[in-house]
Amino acid sequence: MTTRRSFLHLSLGALAATSTAVTLPHVAQGQGRTFKLNTRDGVGLFVKDTGGSGRAVVMTHAWPLNADIWDYQAARLSSAGFRVVTYDRRGFGRSDQPASGYDFDTFADDLADVIEQTGVRDATLVGYSMGGGEVVRYFSRHNGGHVAKAGLVGAAAHYLLKTENNPIGIDGAIFDGIKQGVQGDRKTYLAGLLSDVFLDAKRPATNAVTQEMIDSTLAMAMQASVAATIVCVDTFARTDFRRELAAVKVPTLVLHGTADIPVPSAIGKATAEGIAQARLIEYPDASHGIVLTERDRVTRDLQAFIAS
């Protein structure tokens with residue numbers, strides 16, 4: 001079983017390489033289309049929109065992945081009548097890779113541009129892992145415009161860094177180790193990080209972690225720029241959202257695995273406690289990778305919440 005100690009060891013890069021990456025299977029989504037939109041500072045963001053006239057759902061992704069991590073949920077929510085919009089964060093996936101702008105103010109502005117230019121209204125905004133920070137900053141910076149509900153999945157939306165007044169966080173040396181690993185043999189390092197920490201492959205799961213699952217997430221990670229991958233470690237680790245949680249003034253669903261290593265379950269509990277209208281659902285003994293390892297339950301919980 002992966003522990004905090006082995007997480008730190010992994011962060012120093014002591015792992016073997018995995019096999020060649022492949023992409024996740026694509027599911028056709030009816031009226032769906034993909035396109036690029038330009039943000040207020042001219043950065044092109046790759047967007048996937050399932051189309052339709054149903055309730056809108058906008059989903060942001062985890063570091064170091066891209067919008068494809070939501071493909072399973074997007075296809076099924078679309079089949080249930082919802083319009084689902086996902087996009088690659090700047091610097092990641094198929095979006096542009098500028099030299100700067102890897103902070104949550106800019107990410108929240110990018111999210112505001114996605115919402116405005118796709119024309120979604122009364123949307124449910126769902127953030128996975130690092131994407132949870134974008135959700136919270138969007139509420140505090142843009143007053144949650146055009147958003148009726150929020151979902152936080154394994155979200156780093158509280159404060160991830162361990163400090164004297166945040167004992168539930170993670171030691172800063174771990175994040176330094178992650179940056180060091182990415183700057184070395186990036187592919188080998190990220191393969192191990194995704195397998196042993198993000199997905200926690202040895203842990204029992206409803207959908208067992210396969211080599212193909214590891215390879216598909218690695219393929220996403222390798223599309224990101226090295227600079228964005230490194231800078232965003234400090235961005236998600238050292239941004240303190242605790243005072244901003246009160247800005248989330250809509251019904252909010254928090255989904256979190258109790259065995260989550262990179263975002264400990266105590267973070268999920270504290271996040272839910274900081275949002276007045278939040279409901280926490282814990283997935284017993286589940287890892288950070290619940291979007292894949294508990295994909296049907298995540299989909300059911302999100303669908304019930306969005307439809308309620």
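Predicted model: local features only at pLDDT ≥ 70, side-chain atom pairs only at ≥ 80, totals over all residues.
Student: How accessible are Arg94 and Asp68?

Tutor: Arg94 is partly exposed, with a relative accessible area of 27%, whereas Asp68 counts as buried at 15%.

Student: What about the salt bridge of Arg297, who is the partner?

Tutor: Arg297 forms a salt bridge with Asp301, and the closest N and O atoms of the two are 3.5 Å apart. Both residues are in helix H11, four residues apart, and are thus separated by about one helical turn. As a general point, an α-helix has 3.6 residues a turn, so residues three or four places apart point the same way. Within this pair Arg297 is partly exposed, with a relative accessible area of 29%, and Asp301 is buried, with 19%.

Student: Which residues do salt bridges with shared partners join into one network?

Tutor: That network consists of Lys48, Asp68, Asp71, Asp88 and Arg94. Asp71 is also among the buried residues of helix H2 (residues 71-79).

Student: OK, switching to H2, which of its residues are buried?

Tutor: The buried residues of H2 are Asp71, Gln73, Ala74, Ala75, Leu77 and Ser78. They pack against strand E2 (44-49), strand E3 (56-60) and strand E4 (83-87), and also against helix H10 (290-293) and helix H11 (295-307).

Student: How does H2 run relative to E4?

Tutor: H2 lies across E2, E3 and E4, and it runs at about 160° to E4. After H2 comes Gly81, whose phi is positive, near 105°.

Student: Then there's Phe82, where does that lie?

Tutor: Phe82 lies in the loop between H2 and E4, and this residue is buried, with a relative accessible area of 8%.

Student: What is Phe82 in contact with, leaving aside its neighbours within four places in sequence?

Tutor: With those neighbours left aside, the contacts of Phe82 are Thr50, Gly51, Arg55, Val57, Leu77, Gln303, Ile306 and Ala307. Phe82 and Ala307 are 225 residues apart in sequence, yet their C-alpha atoms are 9.2 Å apart in space.

Student: Now the sheet, what is the strand order?

Tutor: The sheet is open and has eight strands, in the order E1-E2-E4-E3-E5-E6-E7-E8, with mixed pairing. Its edge strands are strand E1 (33-38) and strand E8 (278-283), each of which pairs on one side only. On average, neighbouring strands of this sheet are turned by 20° against each other, direction ignored.

Student: How many bridges join E7 to E8?

Tutor: Six bridges join strand E7 (residues 252-257) to E8, and the two strands run parallel. As an example of the pairing, Val254 has Leu280 in E8 as its bridge partner.

Student: Which strands does H11 lie across?

Tutor: H11 lies across E3, strand E5 (123-128), strand E6 (147-153), E7 and E8, and it runs at about 170° to E7.

Student: Last one, at what angle do the axes of H3 and H4 cross?

Tutor: The axes of H3 and helix H4 (residues 130-142) come within 8 Å and cross at roughly 80°, and the two helices are therefore roughly perpendicular to each other. Residues making the contact include Phe104, Phe107 and Leu111 of H3, together with Met130, Arg137 and Tyr138 of H4. By class, the contact of H3 with H4 has eight nonpolar, two polar and five charged residues.

How values were computed
Residues numbered from 1 in each chain as written. Heavy atoms only, no water. Buried < 20%, exposed > 50% of the residue type's maximum accessible area, 1.4 Å probe, protein only. Contact = heavy atoms within 4.5 Å. Pairing = 2+ DSSP bridges. Axes fitted to C-alpha atoms, helices over the stretch in contact; angles between N-to-C directions. Salt bridge = Lys/Arg side-chain N within 4 Å of Asp/Glu carboxyl O. Parallel < 35°, antiparallel > 145°, perpendicular 65-115°, else oblique. Nonpolar A, V, L, I, M, F, W, Y, C, P; charged D, E, K, R; others polar.
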